[in-house]
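Student: Can you walk me through this one? I would like to know what to look at.
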Amino acid sequence: MMHFLEQPFGWSNFFVFLLLGIVMLLIVLGFVTYAIYFERKVIGWMQFRIGPNRTGPLGLLQSVADVTKLLIKEDTIPRKAERQLFILAPVITFIPSFAAIAVLPFASNLFFADLDVGILYYVALSGISTIGIVLGGWASNNKYALLGGMRSAAQMISYEVPLVISVVGIVMMTGTLNLRLIVEGQAGGFWHWNFIPQIIGFVVFVIAGISELNRTPFDLPEAESELVAGYHVEYSGFRFAFFMLAEYVYVFAIASLTTVLFLGGWQSPLPVLDFIPGIILVPAQIFVHRLFLLLAARDAAAHPDRPAHGSRLAGAAAARDRQHFRQRDFNGIGGWGRMKGIMKGLGVTFKAMTAKKVTYAYPDVPLEMPDRFRGIQHFEPDKCIVCNMCAKICPTECITLTGKPNPDPEKKGKVIDTYDINFEICILCDLCTEVCPTEAIVMTNNFELSTYSRDELFKDMKWLTDNNENVRKENNSAAPKGGAKANA
Amino acid sequence: MSITPYLTLAAILFCIGLYGALSKKNAIIVLLSIELMLNAVNLNLIAFAKYGPKPGLAGQIFSLFNITVAAAEVAVGIAILINLYRNRGTTDVTDMDTMKR
Amino acid sequence: MAQLERIEPIREQAEAEPAAGSGQQTFADGDISAAYEATAGGLLRAGPPESGDGLRTEELLLNVGPQHPSTHGVFRVIVKLDGEVIREAIPVMGYLHRGTEKLAENLNYTQIIPYTDRMDYVSAMTNNYVLVNAVEKMLQLEIPERAQFLRLIVMELQRIASHMVWWGTYLLDIGAMSPFLFAFRDREIIINLFNELCGARLTYNYMRVGGVKWDAPPGWIDKVREFIPYMRKKLDEYNNLVSGNEIFLARIQGIGKYDAQTAISYGLSGANLRCTGVSWDLRKDQPYCIYDRFEFDVPVGKNGDCYDRYLLRLEEMRQSLRILEQAVAQFPDGGDIMGKAPRVIRPPEGEAYAAIESPRGEIGCYIISRGKQEPFRLKFRRPSFVNLQILPKLLVGETMTNLITILGGIDIVVGEVDA
Amino acid sequence: MLDRLIGFLSSGENLVFFVFSLVAICGAIFMISLTRVVHMVMALALTFLSLGGIYITLGAEFVGWVQVLIYAGAITILMIFGIMMTRHRGEAETEPQRPWHNGLLLVGAIVLFGILFYVIQNATITPQSAPVDPKDNTLQIGQLLFNQYVIPFEIMSVLLTVAFIGAIVVAKREED
């Protein structure tokens, strides 16, 4: 790469760079796609679920399907939104995220830009992304979005400071801001890696990094339970995808930046392992780190996330009540005693990962309902004596029936002529079958009733008669004393 | 490339900033205009650091100081602005004339 | 009552201005006052209490709900925010109003039972019971032993299921996703038990005046017996999962605090009252059904904050398991499940009030009968509705984040709030 | 004239300068002429970014990225915050109500620019030594900051601390 960088600019190396850029784009997009898949799968396991399993083998195409959906989805812009800025905001967030990747070195001879101020470049660009988030929140003309944007900006700015300061130690040790040179300074086994002398910096960097990414437990800008979705509430379709993509690209960037700064980049951990090409080591490390990011933060289940801390900062920016700060001082990460609860919670979720999954494969495997299940009614016209009990007892008055004189002149009474149940309002309360003296109306175990129009929910006698699968055996076990039932 | 285009650009930006700072009534825009003027100064400093009579890094260091001052100025400026807004309900600089009365 | 007077004009305003509920106003201009006038009709205009000296601050009027992930249904709180601090909050309810009480006036007593299911749909069994209990009081019916045990067992199972829903959704509100699924996995067991018993998973329609509709199917009691130790283990797991988590504690300790006096004067009941240290549980203090035969404790808190409410509900699940254990052991082998109820229920002229301890607090049913098949007037004391009344008081001075914590801690079911 | 322009633009550095300065001036002019405050801030952010670009072409890599970080990242966001927290109703009011005042200002600014332009054109600034090597000037800046300019540097840090504490004190609510 170096010789390409030093060559005069010409068509040939333009194409080389274009090609490499495209390859890089594909790698990053692939990473994003499978990071999402991986995250969903692991979270699923933690919660006794299977996770994505419908699209493609093992659900591997789930993210692809999601992205396709986002791309073809209608792109809505709220009428009262600030149109130009609304359109501009995802772009402002998205472009720097990709531009920031340029500076990351992947191997001693594979990098895109050998900047002397590599770290500064990364930090400066990620700062620009913040503008996009704030603008997106503002331009949506939605108060939730606005609050989310403000929180996000406050959080990102305030955590950028520790993020940068935690790296200063390394910069002073290696005497350069150049990421490639920083990695080269860590050669010769893992005991030369920066995370050992800079352990505090490492911890601070990882925490501030998670916070920069707005990921749990620092996801208060999105805070779906209070701010619905934060700054991107009003975004849909590919504009939302841009925000999403930017976030995951930063996950990639922070993961690889941690690798490069603290974990020796492409330097092998033991001199014996030198034969492994660096190009394998870096992605492996990024993967491990990504796993860490996921486990430490994303859905460690136990994490009721969003430490009050973050919202405190956001509030500080909003110049809010100071009384409140004192009241709820978040002492966060400090002291083993405080971490114990979190660790315990993590233990539970880890155990859950291997536990039996409880997901129903519903449409593929039908659900077995117990015999008493109150499903859709089945009606037998021959048994009906047109006593009107069912129509009378029905609390929602969804049953209508008419009788006609018995065609057989020998017999008295009436026979049923029409019998309709309006399933639009039927609450399947079972009272009609309870009062029926002849068990002409009984319930089945079927519960799948869906139509495209409300009119179709109006079922007539024929339909009800044909609906005779899985008719339940037991209809009324409780025969009340004193004759509450007409014909017990 | 000589220093002249840089100085000209700086002069243009400075004059725009000056015009904005004096003509606008919104305090935020006034602050922005001042930032623009400071940037014009920075540009001069950096241009002189490269093409000036004595090339060196002093210009860059001065511009760093300048940027620091600008950051401090904006922080205090916005704080004052918010406080004023809270008390007077306006960001119009022409209304901020209590001292004149 | 001042509350009601304030809400009425808001509702009118909201109807006149459909956009008002969308959480979105003409904010682009930075013009909050217009949005503010439009939504609350200037009712909140009084300004923050401390700025009587004419200081102006930039306040944001935010409609939390009706469609909001953390309002547990269609429920709306209008909050006036200063930065992130709530200066004033007005809950607006009625989006899920179905007129249960009015409908009941045209239905006979058996027909009302399915409607009670739909009031507090998280705890349908207790709702069933409060209605049939009131009617039984009027009729002075004798309930067979087996039916009593079945009622008690389903009510306690229901309490556990309801608290589990609360536990899961509360943590979901606070931001943890997994507890929700943990809780629902175990709730599924109870739901399946109910499904076997009465054929429905949510709206059971199980109890009848004079008894219960279905007898326990063979093996059902054994399943309940097996469930008890399983659930005990799971409760420990829940505790390990969340209760010690520092971030969680920081979010809920000391939040939404009130004292016993306040709680009593707001008429709170259930865990919302007991968290302040008042030991008031209708199962103990006004025993109904056959609760007086069982040993259990009424847990109380002492700080009156969200954390105490949280711990209380977890402990209540344990106590319910204790009751269940005893009930299953003493469960009679045979016997009727229906008492001598008349075929057509026609209570004598008069009135009756039955109150029981639902998972959310004291649920009461007040019936005036004129000797007809239908009640002349039926009124439910709905604990979610009553407990909600303290919300505006609790929210003042809290942050947006704590709004969710407090609202979740009260444990409302909107179906019950609006009936 | 045209030849000179083409000649000027055919050099890579000149072309970059031309583009960046065009963007910077456009941003500045938009800042003055747009009507909505947020748009003004965005326009100025563009100017800041392109100035950062010019710094980098001038060999001041470090200052360039600091410019992006501080101006585009921090100051712009701070400004947006300021806007969000204050009300900006009726921006149309900023249309000159005092046309003669603004006209006079415009004339004054143009005259000032004329004078500056005249001076710049007539000044002959010739470097007395070769330009410094831009390679690794971050290191040199660091060394200079902590040797020759250590006192201004420390004073600057005090100033920053004081300014931020002051900002918090000022923005804090009066009632607490």
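Tutor: We will take the model chain by chain, starting with how to read it. This is a predicted model, in which local features need pLDDT of at least 70 and side-chain atom pairs count only at pLDDT 80 or more, while totals for chains, interfaces and linings use all residues. Residues are numbered from 1 along each chain as its sequence is written, chains are lettered from A and ligands numbered from 1 in the order written, and side-chain values use heavy atoms, without hydrogens and water.

Student: What ipTM and pTM does the predictor give the complex?
Tutor: The ipTM is 0.73 and the pTM is 0.78.

Student: And what does chain D average in pLDDT?
Tutor: Chain D averages 80, and 84% of the residues score at least 70. pLDDT is the predictor's confidence in each residue, from 0 to 100. Where pLDDT is low, the predicted coordinates should not be read in detail.

Student: How many helices and strands are in chain D?
Tutor: Chain D has seven helices and zero strands. Helices (H or I, at least four residues) and strands (E, at least two) are DSSP runs, numbered from the N terminus.

Student: OK, chain A. How many helices and strands there?
Tutor: Chain A has 16 helices and five strands.

Student: Which residues form the nonpolar patch on chain A?
Tutor: Trp11(A), Phe14(A), Phe15(A), Leu18(A), Ile22(A) and Leu26(A), with about 650 Å² of accessible area together. Patch residues have over 30% relative accessible area and no salt bridge; nonpolar side chains (Val, Leu, Ile, Met, Phe, Trp, Tyr) are joined within 5 Å, like charges within 9 Å. A salt bridge is a side-chain nitrogen of Lys or Arg within 4 Å of a carboxyl oxygen of Asp or Glu. The areas come from the Shrake-Rupley method with a 1.4 Å probe, and for residues only the protein chains shown count as cover.

Student: Is Trp11(A) buried or exposed?
Tutor: Trp11(A) counts as exposed because its relative accessibility is 65%. Trp11(A) lies in helix α2 (residues 11–46) of chain A.

Student: Switching to chain B: why is α3(B) called largely enclosed?
Tutor: Because 22 of its 31 residues are buried.

Student: What comes just after α3(B)?
Tutor: Gly89(B), which takes a positive phi of about 70°.

Methods: Buried < 20%, exposed > 50% of the residue type's maximum accessible area, 1.4 Å probe, protein only.
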